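Please prepare a short briefing on the chain shown below.

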Amino acid sequence: SNTFSIDTVRPTATVTVVAPTLSTTVNSTVNITFSEAVSGFSLTDMSASNGTLSNLTTSDNIHWTATLTPSASNSSSGNVVTLDNTLYTDTATNAGTGTTTSNTYAIDTVLPTSTIVVSDTALSISGNTSLVTITFSEAVTGLTAGAFTVADGILSNLGSNDGGLTWTATLTASPGVTHTGDVITLNNTAVSDGAGNAGSGTTNSNTYAVDTARPNATVVFANTNLGIGQTSLVTITFSEAVTGFTNADLIVSNGTLSAVSSNDGGTTWTATFTPTASIVSASNHITLDNTGVQDVA
């Protein structure tokens, strides 16, 4: 007879995912290599575990590439790309058979998160530091003091002893401050986990109060010219309520002072000054030793 040709060999394929671990910053090239040129091959012929495929291209209909993009917020291993061989044909219109699976790949697209705890929530002059503990959902790198915004204070001695999962620092309150509701804010985008995923947004600590302002006072005589039988009201007004204030904290020139007392919780104090008899003296004054009093902090 005249000659005739036979092609009853079905096309086969191999599928290779190049990157073994995918993250928010790492996609992977997927190489699909057929035993012969094929037609009718498209992205719909493949499925990817916990990911999507795109950008399918070829130069010879034998060697094809695609891009694998992992799903968000996923942490998994043993993923594969699966090719349905029945959906394409070779030039003799022979369809493939069965399915082909790729090598396995892992995905980590879970972003690291954090919590911040300030141990001492009331900082003062005598206790102006606090331990700060920053705990991440997984070990991170890239954390520096510059990633924090600290209200009314500074952070120092930042470090981790467990590979980057738990970090500690020292909060030192700023001097001369009286403020409540302060927080430490962390910019999570400054850190990344082992897969290269950066954090997202910000994290606030619990609130803390700072009182590093020393109390101060004014002392005012109501009557500045005293004669025989006259007395004067003396008003001592502090910048804030104080405790521990007694007459022992006052030095009185040429006279005596009744016991100081306060009717507003310790901010304003009053007493009565009685001058010494048979005295002629100008420029007398009362001296307050401020170290004898304390504010509530």
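Among contacts in the chain between residues at least 6 apart in sequence, what percentage join residues at least 24 apart? The share is 63%, where contact means heavy atoms within 4.5 Å. This is a predicted model, in which local features need pLDDT of at least 70 and side-chain atom pairs count only at pLDDT 80 or more, while totals for chains, interfaces and linings use all residues. Residues are numbered from 1 along each chain as its sequence is written, and side-chain values use heavy atoms, with hydrogens and water left out.

**Overall form**

- The chain has zero helices and 33 strands; these are DSSP runs numbered from the N terminus, with helices being H or I of at least four residues and strands E of at least two.
- The chain is more spread out than a compact globule, because its radius of gyration is 39 Å, well over the 19 Å that the globule rule gives for 297 residues. That radius is taken over C-alpha atoms, and the rule is 2.2 Å times the number of residues to the power 0.38.
- Along the principal axes, the C-alpha atoms fill a box of roughly 155 × 30 × 25 Å.

**Surface and burial**

- Of the 297 residues in the chain, 34% are buried, meaning under 20% relative accessible area, against over 50% for exposed and in between for partly exposed (1.4 Å probe, protein chains only).

**Aromatic pairs**

- The structure holds seven aromatic pairs. Rings of Phe, Tyr and Trp (its six-membered ring) pair if their centres lie within 6.5 Å; planes under 30 degrees apart count as stacked, over 60 as edge-to-face and the rest as tilted.
- Phe41 and Tyr88 have ring centres 6.2 Å apart and planes at 75°, so this pair is edge-to-face.
- Phe41 lies in the loop between β4 (38–39) and β5 (46–48), and Tyr88 in the loop between β9 (81–84) and β10 (89–90), so that the pair links distant parts of the chain, 47 residues apart.

**A hairpin**

- Strands β6 (residues 51–58) and β7 (residues 63–70) pair in the antiparallel sense over six bridges; pairing requires at least two DSSP bridges.
- In this pairing, Leu53 stands opposite Leu68 in β7.
- β6 and β7 form a hairpin with four residues between them, and Asn61 in the turn has a positive phi of about 65°.
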